[in-house]
Amino acid sequence: MDSTETDEIAHDLRPYFIVFKDGHVQRLLVTDLVSPSLNPDGVSSKDLQILPELGVSARLYLPKPDAGDAGRKLPILVYYHGGFFCFASAFCGLYHCYLTSLVAEANVIAVSVEYGLAPEDPLPTGYDYSWAALQWVAAHTAGGPEPWLSEHGDFDRITIAGDSAGGNIVHNVAMRAGREELGHGVKLGGAILVHPFFNGDEAIGDEVKYPEKKALNDRFWMFSSPTTVGLDDPLINPMADGAPNLSGLGCARVMVCLAEKDMMRDRGRVYYERLRLSGWKGTVEILESEGEDHVFHLLNPTCGNAGIMMQRFVSFLN
C-alpha cells in the first residue's frame, strides 16, 4: 500500500481524531491517564480487568473505613464516563479526581467502567460491555473475586450514573435492566443521568440556534454507531416515535441533571417530562444548574453549582 492511500482520510473529526482509510486512528486529544492511589481523604483506588475475555477493565474506589460503622455495608455506584462514545477514559485525571471526591463525600464504593470506544469498538459494543460490567458487580452478592465488593457492598443499593455519552449509556443500561435479569436476584436501584447525550433527526430548542453543534453531535453518533438506523434510533433518541416506552426502565429512582447553557438540556428536559408521565412506577427528580454548561462539574469542581450537584448525588446515593 503506497503512502497516498495510507494517508487518505476516511473520517475527519478534528480536533478529536482522524480515521484513515487503511483503518488506523490518529487520536489528537491526549488523555491524561493517572494511576490509582490512596488520596488525602483516605479513598483507596485500584484497577482491575473485570471481564478479561472482553477486555473490559474498571477503576474501583473504596472510602476510608469509619470506626463507628464497622461491618456496615456501603452503597455501590457504577459509573460510565462521557466522551461521545469515542474518547476519554475511566483512568483519566478528570474522572479520577471526580470519583475520588464523590466516594469520599457519599461514602460509597464506586466502579468506574472502561468500556470499549469507537471506532475500534463501535456501538453497540459500549452498551454491551457496560451491561456486562454491571452484571459482574451484581454477581458479587453471592461472593466474588473482588473483596471490596463482596465484603463491603450493599447489593440492595446499586446505582448507575454517567455524564454525556455516559448518561446515554445509563439510560440504555437501565432499559435493559427492565427487560433482562442482572442475575443473583439483584435489582438496579437508581440511575443518574448527567447532561445526557440524546439526539434526534429534527432539531429542537437550542439545537435550532446552534446548527453547527447539532451537526457535530450528529456526526459523532453516526460515526460511533455504524449500524444505527439513524438519529431517531431509540438508543440515541428515547423519545422517538416507536421507541420503547420509558415505563420500561428497570430501576426505582432516577435523577436527571441538566445545565442551563448546555445544548443537550432541551432533550434532557423532554426525557424527564416523558418519564414522569410514562406510567413508570418509580420516582424521578431533576436538577437544573443555572448559568452552567456541559459537564461543568468536572471542569470546575469547586464552583458553587458543582457543590450543589455533589450534595444531591450524596443524598440520592444514600
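Asp 128 is partly exposed, because its relative accessible area of 36% falls between the cut-offs: buried means under 20%, exposed means over 50%, and partly exposed lies in between (1.4 Å probe, protein chains only). The model shown here is predicted, so local features need pLDDT of at least 70, side-chain atom pairs count only at pLDDT 80 or more, and totals for chains, interfaces and linings use all residues. Residues are numbered from 1 along each chain as its sequence is written, and side-chain values use heavy atoms, with hydrogens and water left out.

Stay with Asp 128. Its side chain meets that of Arg 176 in a salt bridge, 3.1 Å from N to O. A salt bridge is a side-chain nitrogen of Lys or Arg within 4 Å of a carboxyl oxygen of Asp or Glu. Helices (H or I, at least four residues) and strands (E, at least two) are DSSP runs, numbered from the N terminus.

The structure holds 16 salt bridges. Another joins the side chains of Arg 267 and Glu 207, at 2.7 Å from N to O. This pair also links distant parts of the chain, with Arg 267 in helix H8 (residues 265–276) and Glu 207 in helix H6 (residues 206–209), 60 residues apart. Both Arg 267 and Glu 207 are buried.

Lys 214 forms a salt bridge with Asp 218, and their closest N and O atoms are 2.8 Å apart. Both residues lie in helix H7, four residues apart, or about one turn of the helix. Lys 214 and Asp 218 are buried too. Elsewhere, salt bridges link Asp 206, Lys 209, Arg 265 and Asp 266 in a network.

Next comes a charged patch. Asp 201, Glu 202, Asp 232 and Asp 241 form a negative surface patch. Such a patch is made of residues with over 30% relative accessible area and no salt bridge, with like charges joined within 9 Å. Asp and Glu count as negative. The place of a charge is taken as CG of Asp or CD of Glu. Accessible areas come from the Shrake-Rupley method with a 1.4 Å probe. Asp 232 is partly exposed, at 38% relative accessible area. It lies in the loop between helix H7 (211–224) and strand E10 (253–259).

Gly 250 lies in the loop between H7 and E10. Which residues does Gly 250 contact, leaving aside neighbours within four places in sequence? They are Ala 174, Ala 177, Gly 178 and Leu 188. Contact means heavy atoms within 4.5 Å. The C-alpha atoms of Gly 250 and Glu 180 are separated by 8.8 Å, although the two are 70 residues apart along the chain.

Finally, turn to the backbone. A cis peptide bond joins Ala 118 and Pro 119, with omega about 5 degrees. A cis peptide bond also joins Leu 123 and Pro 124, with omega about 15 degrees. Pro 119 is in the loop between strand E7 (109–114) and H3, and Pro 124 is in the loop between E7 and H3.

Phe 85 has a positive phi, near 65 degrees, in a residue other than glycine. It lies in the loop between strand E6 (74–80) and helix H2 (93–106). Is Phe 85 buried or exposed? Phe 85 counts as buried, because its relative accessibility is 1%. His 184 also has a positive phi, near 60 degrees. Its place is in the loop between H5 and strand E9 (190–194). His 184 is exposed, because its relative accessible area is 54%.

Key
Patches are made of residues with over 30% relative accessible area and no salt bridge: like charges are joined within 9 Å, nonpolar side chains (Val, Leu, Ile, Met, Phe, Trp, Tyr) within 5 Å.
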